[in-house]
Amino acid sequence: MARQKLGQHFLIKGSVLERIAAAACPERRDLVIEIGPGRGALTRRLLERAARVVAIEVDPVLADGLRRSFAGEPRLEIVEGDVLETDLARFGRAVIAGNLPYYIASPILEKTVRLGPPRAVFLVQKEVALRLVARPGERDYGFLTVRTALFATARLLFDVKPGAFRPPPKVDSAAVLLEPRERALSVEDREGLLRFMGRCFRQKRKTIRNNLAPIHGRDLVDSWPEAGLRAEQIPLEQFAEMYRRLAG
Ligand code: SAM
C-alpha cells in the first residue's frame, strides 16, 4: 500500500505523547504492545514506563528507521508487519497503546477488545471516540458502541487538535481508554449475541420489527416489547435479554 495511505500522521506535541503514555501506564508495566510506532515518538515514552515494549509497524522504511534509532535498546522488540495479521496473544498479557492509523481503527479496536488486555489507550478519530462512548438514544450510538461494550468499558480521555501532528490530519482526534468490562453479561455466547446485534443494526433507521421479521418471523418479533424500537435506542443488556429470549 502507498505510504500516504497508511494513516501516517506523526505526533509532534510532547504533552500529548506524555499524556498517552501516562494513561497507558499510570504505574510501571511489564509489557506494552504499541500499534503503529511510526518514528518512535510514543515508543520512547512508553519505554520510560514499561520494562518491555513490542512495537508493530507495517511500513518497512519506518521499521528500518526504528531499528536504527533504537539500536542497543534490548527492551524494544520491533515487529515488522500488519497488526491485523499479527497474533498479539503470543506476546503475553500486555497493555496495548497507539496513535492508530485511522483507516483501520475499527478492526484494530475489535481485535484489541477481543484479546481482553488489562488496559488499552488509543488515539483515534474524534468521531470514532464519540461512537465508543455513546449512550443509547444518542446520535453516535451504534454497532461499534455495542460491539466494543460487549468486551470493554470505554472512556474518553482528552481531545487532540490536528496541529499536534505532522502532517495534520483533516479531522479532530481523541484519546480513549478501554478497560475490561466489570460486570459479566447475562449471555455467555458473545459471538452469537454479536451476530444478533449485527442483524438488529443492519439498517439503523429501521425498527427491530423490520430488521428481524424477515429472519425470525413477524409473529415472534411482534410479540416483543422492543418490536417498534430502533436498535440505536436499545442498551446492551436489553439486547442480551432479547437474544436469550430468542435462544430460549
Ligand atoms: N506512533 C506514531 C506517532 O504517534 O507519531 C505514528 C502514528 S501514525 C497515526 C500510524 C502508524 O501506523 C504509521 O506509522 C503507519 O505506518 C502504521 N500502520 C498503518 N497501518 C498499519 C498496520 N496495518 N499495522 C501496523 N502498523 C500500521
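A: The model is predicted, so local features need pLDDT of at least 70 and side-chain atom pairs count only at pLDDT 80 or more, while totals for chains, interfaces and linings use all residues. Residues are numbered from 1 along each chain as its sequence is written, and side-chain values use heavy atoms, with hydrogens and water left out.

The ligand has 23 residues around it, and Gln8, Leu11, Gly36, Glu57 and Asn99 come nearest; a residue is near a molecule if one of its heavy atoms lies within 4 Å of it.

Arg39 sits over the face of Phe10, 4.0 Å from the ring centre, and Arg245 sits over the face of Trp224 at 5.3 Å from the ring centre. The criterion is that NZ of Lys or CZ of Arg is within 6 Å of the ring centre and within 35 degrees of the ring normal.

The search of the whole structure finds 5 aromatic pairs. Rings of Phe, Tyr and Trp (its six-membered ring) pair if their centres lie within 6.5 Å; planes under 30 degrees apart count as stacked, over 60 as edge-to-face and the rest as tilted. One of the pairs is Tyr141 with Phe201, a tilted arrangement with 6.4 Å between centres and 55° between the planes. Tyr141 belongs to the loop between helix 5 (126–133) and helix 6 (143–149), and Phe201 to the loop between helix 7 (190–200) and helix 8 (208–216), so this pair ties together parts that are 60 residues apart in sequence. Helices (H or I, at least four residues) and strands (E, at least two) are DSSP runs numbered from the N terminus. Both partners are buried: Tyr141 has 3% relative accessibility and Phe201 has 7%. Here buried means under 20% relative accessible area, exposed over 50% and partly exposed in between (1.4 Å probe, protein chains only).

Another pair joins Phe196 and Trp224, whose ring centres are 6.4 Å apart with planes at 65°, so it is edge-to-face. Phe196 lies in helix 7 and Trp224 in the loop between helix 9 (218–222) and helix 10 (236–247), so the pair connects parts 28 residues apart in sequence. Phe196 is buried at 0% relative accessibility, and Trp224 is buried at 6%. Tyr141 and Phe201 also belong, with Phe143 and Phe239, to one aromatic cluster.

Side chains of opposite charge can pair when their charged atoms come close. A salt bridge is a side-chain nitrogen of Lys or Arg within 4 Å of a carboxyl oxygen of Asp or Glu, and by this rule the count comes to 22. One of them joins Arg45 and Glu18 at 2.8 Å, N to O. Arg45 is in helix 2 (residues 41–47) and Glu18 in helix 1 (residues 14–24), so this bridge ties together parts 27 residues apart in sequence. Arg45 is partly exposed at 24% relative accessibility, as is Glu18 at 27%.

Glu179 and Arg119 meet in a salt bridge of 3.4 Å, N to O. This pair links distant parts of the chain, with Glu179 in strand 9 (residues 173–180) and Arg119, 60 residues apart from it, in the loop between helix 4 (105–115) and strand 6 (120–125). Glu179 is partly exposed at 29%, whereas Arg119 is buried at 13%. Arg67 and Asp64, by contrast, bridge at 3.6 Å, N to O, and lie 3 residues apart in helix 3 (residues 60–69), about one helical turn. Asp64 and Arg67 are also linked with Arg68 and Glu80 in a network of salt bridges.
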